[in-house]
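Me: I'm new to this one. Could you show me how to read a few of its features?

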Amino acid sequence: MPLKTRIMKFINSRFTLAVAAVFCCVFFTNAQEIIKDSVKTKKVSTTPKRLKVDGIVAVVGDYTILDSDIDKTFLELSQNASVKDITRCQMLGKLMEDKLFAHHAIQDSIIIKDEEVKEKLNDQLAYILEQLKTMDKALEYFKKNTEDELRTELFEIIKVNKLTAEMQRKIVDEVEITPEETRTFFKSIPKDELPVFGAEMEVAQIVIAPKITDDEKKRIINRLKEIKAEVLAGASFKTRAVIYSDDRGSASSGGFYKINRKTQFVKEFKDVAFSLAEGEISEPFETEYGYHIIMVEKIKGQEVELRHILMMPKVSDQALKEAKEKIMLIKKRIENGEITFAEAARTMSDEKETRANGGVLINPQTQDTKFELTKMDPSLYSEVSNLKSGAVTSPILDDDPRAGKKYKIITVTNRIEEHTADYAKDYTKIKALALKEKQFKAIGKWSDEKIKETYIKINGEYKDCVFTNNWLKK
């Protein structure tokens, strides 16, 4: 199979953890990306004769799929994309896949807390009202009589989506790829089908963070201790996280995180989290992001469900001024040839992640040092796109929502022109493609096995659909 076809099948497949439907990110419905080759050429008309009014067209485990579910998914997708080439068979096949994952997620004791779903539901409903302006229009769009009916439907849809994503994640979590498998994958690609990677660059930076006064550190620590005392006296940790936490990613959900040992959190945070018992609240502790307290809600095997509050010390104007002066002096020394950029990064940068590597940035999407220009973060692109080789930017004030204000200077260490994939030079990218294909196969194998052991029924003329998956168990 051609590489492009294989990779695109993967990207558009049931494996996609984010369930990246064109419209589901707006209305959080069952509308999910459709695999256009998931059925053969035989089609059921997009307006088939109904079995009965809103009849059940399929059952997968404990879930039913109504004719109206297919209609609604078509309606929602049609808002932002053409659906003329999507058949009802294809739509049904995708909805059945979702229900298969959700059904077995429950069988495997994967738990989605109602609280998580309700928080997402409230956010989603707020977005719906922002788009449609009134609740009446929202009810009309979703064909519901009351807000309670709409909330009930959205709740079930969000929960199924979360179950589906967690089940998919569980299937592929242990899938790994070896160097030999990567080499075999690359050798299997015909030369005329090798992927072409766009122009890239490698970038390094030096960061100088303003110094925080001891008085400010004490103020933050004392406030966190006060909050801990309030919670121990009966106050809500969740409410205080919403009000006080500087972690913008979790404050709205009351500081909630679910983590395991592999979760990409800083070591100090995980060390504290895994040292606490259920219901216990930590003392204030420091990470590179500021000061935290953690409350553990539940320990389930290797996973910990927790809430935390982050408070970031305030930076004085004088400290900012001193940081800027320091980084300007570093820039001058580099430009005068007194020290190389890499040496300056290793000895003077305040950024732990890049310091040991001479300031070289790691691409968070690929985990290597190369950034493809067309996929680069817009803010980084604007800073380096016109930078000449060897040049260093003027000091840039970076207001990081996680780590606060800091100054940085950036240089481009390497430019790579558009090129056909090379095993040695592009190993990381090739390995990622090979891993995706292996994960896709794992999903396919899992689906084939679970279909055989799951109660599945398809009604009416939908029995005439020719699916890639063996839903009819012929």
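Me: By class, how many nonpolar, polar and charged residues does the lining of the second largest cavity have?

Reply: Rolling a probe the size of a water molecule over the atoms shows where empty space is left. A cavity is a set of points on a 1 Å grid over the protein atoms alone where a 1.4 Å probe fits but cannot get out, and lining residues have an atom within 4 Å of a point. Here the lining has 3 nonpolar, no polar and 3 charged residues. For the classes, Ala, Val, Leu, Ile, Met, Phe, Trp, Tyr, Cys and Pro count as nonpolar, Asp, Glu, Lys and Arg as charged, and the others, Gly among them, as polar.

Before we go on: this is a predicted model, where local features need pLDDT of at least 70 and side-chain atom pairs pLDDT 80 or more, while totals for chains, interfaces and linings use all residues. Residues are numbered from 1 along each chain as its sequence is written, and side-chain values use heavy atoms, leaving out hydrogens and water.

Me: Which residues line the second largest cavity?

Reply: K72, L75, E76, Y141, F142 and K143 do. Helix 3 (67-78) and helix 6 (135-142) each give two or more residues to that lining, with helix 3 giving the largest share, 3 residues. Helices (H or I, at least four residues) and strands (E, at least two) are DSSP runs, numbered from the N terminus.

Me: At what angle do helix 4 and helix 7 cross?

Reply: Two packed helices are described by the angle between their axes and the distance between the axes. Axes are lines fitted to C-alpha atoms, for helices over the stretch in contact, and angles run from 0 to 180 degrees between N-to-C directions. For helix 4 (residues 88-107) and helix 7 (residues 147-172), the axes come within 8 Å and cross at roughly 75 degrees. The two are therefore roughly perpendicular (65 to 115 degrees).

Me: And how far apart are the axes of helix 8 and helix 16?

Reply: They're 9 Å apart, and helix 8 (residues 179-187) packs against helix 16 (residues 427-453) at an angle of about 90 degrees. By class, their contact (heavy atoms within 4.5 Å) has 7 nonpolar, 1 polar and 4 charged residues.

Me: Which residues form a disulfide?

Reply: Look for a pair of cysteine sulfur atoms within 2.5 Å. The structure holds 1 disulfide: C89 and C465, with sulfur atoms 1.8 Å apart. The pair links distant parts of the chain, 376 residues apart, with C89 in helix 4 and C465 in the segment after strand 13 (456-458).

Conventions:
Parallel < 35°, antiparallel > 145°, perpendicular 65-115°, else oblique. 1 Å grid on protein atoms, 1.4 Å probe; cavity = no way out; pocket = protein on both sides within 12 Å on 5 of 7 lines; lining within 4 Å.
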